[in-house]
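Take a look at the model below. We will walk through it one piece at a time.

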Amino acid sequence: MSRNLPPLNALRAFDAAARHESFSRAAEELLVSHSAISRHVRGLEARLGVKLFRDLPRGVELTMVGRSYLERVLPALDMIADATDDLADVPTGQVTVNSEPLFAERFIIPRLAGFRKAYPEVEVRLEASPALADVERYEADIAVRFAHTGKLDGPSDLLSAAPIYPHASPDLMGDCIRKPEDLLKLPLLRDRTNNIWKQWFAAAGVQTDALLDHEWRMKSPLAYEAGLNGLGVYLGSSECVSFDVGLGRLVRCFDIGIRDGAFYLVYGSRGVRRSAVKQFRAWLLDETRSFRSEPAV
């Protein structure tokens, strides 16, 4: 019994255009021309005898019929993609990861060679940006984001809730830092908008003025680089400094930590489906395992 199935390329174009609300961005995702997307979509509309999109001054949007059709078609497309991925002996393809700049530079990059060695057929495209990529529209497959309180909206995994500690280069530390109040003699670096140095000194039992005159806020990862090069004491979370601490380039000044939010791995409502993305997610969760339960001392 023959099935009344539209061409797969037409469905892929329809899916991409619906997510991006743009034929041009759908074309970029599928690596085809704008006219190819338009031709596939208009052909699908002609075949179905309905209008799937309405034109806007900038882009397109689904009609009610188009939205209803998409909701029924998406599970079938996901099942086809999953079945195809499952046939592969090893994960292949491309994974686009959008990340907070400091986490990308100081946690993912130093460890990425290990992932590439284990999964050479997977290409990881890492994008560092303070703005959250729209994972629903596949601007990225997954994204790493920081939340000061609560949990991010949408599906996500906790990566790290590690406490933050003061760190300094060995040369800056010297022998003059013996107790927490000694840090007040040095430039204090931070990369967060809230006054975490005041919070840290309170946890250490040190009385400070409402405003620390020599506190120096810089955008990350600039504050980190300043601390790494001996320009001051950097107050930051364990996961982002762990690689340089292991190399002896940074030293934890005191085992007094405070909590100030957490890093999450964010993905779309359709979940993590492709095998390459699943493997990267599993790898990143494994790499961050020890930072999810690190106690604040």
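F280 is in contact (heavy atoms within 4.5 Å) with V95, V97, L112, F115, V124 and I142, leaving aside its neighbours within four places in sequence. F280 belongs to the largest nonpolar core, which has 35 residues. Such a core is a set of buried Ala, Val, Leu, Ile, Met, Phe, Trp, Tyr and Cys residues joined through side-chain atoms within 4.5 Å. Buried means under 20% relative accessible area, with a 1.4 Å probe and protein chains only. F103, I142, V144, L159, F280 and L284 touch the most other members. A second, separate core has 22 residues, including A17 and V41.

This is a predicted model, where local features need pLDDT of at least 70, side-chain atom pairs count only at pLDDT 80 or more, and totals for chains, interfaces and linings use all residues. Residues are numbered from 1 along each chain as its sequence is written, and side-chain values use heavy atoms, leaving out hydrogens and water.

Now turn to R111. This residue is buried, with a relative accessible area of 17%. Its side chain makes a polar contact with the side chain of S242, at 2.8 Å. A polar contact is a pair of N or O atoms within 3.5 Å; within protein, one must be able to donate a hydrogen and the other to accept it, and residues adjacent in sequence count only if both atoms are side-chain atoms. Not counting residues up to four places away in sequence, R111 touches R106, S242, F243, W283 and E287.

How values were computed
Buried means under 20% relative accessible area, exposed over 50%, partly exposed in between (1.4 Å probe, protein chains only).
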